[in-house]
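The exercises below are worked in order, each with a task and then a stepwise solution. Look at the sequence and the structure before reading on.

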Amino acid sequence: MLQAVPAWEPGTVFPVASSAVADVRGTGSHLQRRSAFRAMLPSLKREVETTCLSAAVYHEARGEPLSGQRAVAMVIVNRVRSPSFPRTICGVVFQNAHRPYRCQFSFTCTGIALLPKEKRPWRLAQEIAASMQNRTPDCRVETGSEDGGLHAVSAATHYHASYVRPGWARRLHRLGRIGRHIFFTGKGGDKA
């Protein structure tokens, strides 16, 4: 898959990991390197989670308005916080990816390259993913903030493109539409 992304370096996709591993490599004893690596694991995990969220925003919504891209990221974060879905961002993004037509996000099971091909939309997706770390527990936003247009869909746990009609949508409560995506939550406001 790396061949599908010409001129991309690992540092572009995982900048913290690339520099941290380079710093640890070749310095000190084996025990010192192991200790240094263990100390950086939380930041590496956070970077991987942010990269999974970035990939989802990039592949699922890069042609959408900024508010639509943020709404897609909010759906994923809301799912992580729901007991009905996996407990990590990468777990949510890649849920059922091994099962054709059962994946949660189409880019994970269509066979397309997972790494980005366009640098500008990728950087924007990374910025959106990083901003999701500052959201309140259910990703609600205050009316009147720069994200005020997202308020109506801030509790969404599902979405689909407007040009498809999935059967599951009838069982959920429609919250609204941004761009070409329609957003939903469970009936009664629950997140499942």
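**Exercise 1. Which backbone oxygen does the side chain of Thr185 reach, and is Thr185 buried or exposed?**

Step 1. In this predicted model, the side chain of Thr185 reaches the backbone oxygen of Ala155, at 3.4 Å.

Step 2. Thr185 is part of strand S3.

Step 3. The relative accessibility of Thr185 is 3%, so Thr185 counts as buried. The cut-off for buried is under 20%.

Step 4. Because 6 of the 6 residues of S3 are buried, S3 is largely enclosed by the rest of the structure.

**Exercise 2. Work out the order of the strands in the sheet and find which strands stand at the edges.**

Step 1. The sheet is open and has 3 strands in the order S1-S3-S2, paired antiparallel.

Step 2. S1 (158-161) and S2 (172-178) each have a single partner strand, so one side of each is left without a neighbour in the sheet; these are the edge strands.

Step 3. From one strand to the next, the twist averages 25°.

Step 4. Helix H4 (residues 66-80) packs on this sheet and touches S1, S2 and S3. The direction of H4 makes about 25° with that of S3.

**Exercise 3. Trace how S3 is paired with S2 and with S1.**

Step 1. Start with S2. It is joined to S3 (residues 181-186) by 6 bridges, and the two run antiparallel.

Step 2. Find residues of S2 and S3 that face each other across this pairing. His173 stands opposite Thr185, and Arg174 stands opposite Phe184.

Step 3. Look at the turn. The hairpin of S2 and S3 has 2 residues between the strands, and Gly179 takes a positive phi near 60° there.

Step 4. Go on to S1. This strand is joined to S3 by 4 bridges, again in an antiparallel arrangement.

Step 5. Here His158 stands opposite Phe184, while His160 has Ile182 opposite in S3.

Step 6. Check which way the S1 side chains point. His158 and His160 point one way and Tyr159 and Ala161 the other, and all are buried.

**Exercise 4. Which residues touch the most other members of the largest nonpolar core, and which elements give two or more residues to this core?**

Step 1. The largest nonpolar core has 32 residues, and Leu53, Ile76 and Phe183 touch the most other members.

Step 2. The elements giving two or more residues to this core are helix H3 (30-61), H4, helix H5 (89-93) and helix H6 (119-131).

Step 3. Follow one of these residues. With neighbours within four places in sequence left aside, Ile76 is in contact with Leu53, Ala56, Ile89, Val92, Val93 and Phe105.

**Exercise 5. Describe the protein as a whole.**

Step 1. Count the elements: there are 6 helices and 3 strands.

Step 2. Read them from the N terminus: the run is α-α-α-α-α-α-β-β-β.

Step 3. Of the 192 residues in the protein, 42% are buried.

Step 4. Among contacts with a separation of 6 or more, 58% are between residues 24 or more positions apart.

Step 5. The accessible surface comes to about 11,000 Å², and 55% of this belongs to carbon and sulfur atoms.

How values were computed: Residues are numbered from 1 along each chain as its sequence is written. This is a predicted model: local features need pLDDT of at least 70, side-chain atom pairs count only at pLDDT 80 or more; totals for chains, interfaces and linings use all residues. Side-chain values use heavy atoms; hydrogens and water are left out. Two strands pair if DSSP finds at least two bridges between them. Axes are lines fitted to C-alpha atoms, for helices over the stretch in contact, and angles run from 0 to 180 degrees between N-to-C directions. Contact means heavy atoms within 4.5 Å. Buried means under 20% relative accessible area, exposed over 50%, partly exposed in between (1.4 Å probe, protein chains only). Accessible areas come from the Shrake-Rupley method with a 1.4 Å probe; for residues, only the protein chains shown count as cover. A nonpolar core is a set of buried Ala, Val, Leu, Ile, Met, Phe, Trp, Tyr and Cys residues joined through side-chain atoms within 4.5 Å. A polar contact is a pair of N or O atoms within 3.5 Å; within protein, one must be able to donate a hydrogen and the other to accept it, and residues adjacent in sequence count only if both atoms are side-chain atoms.
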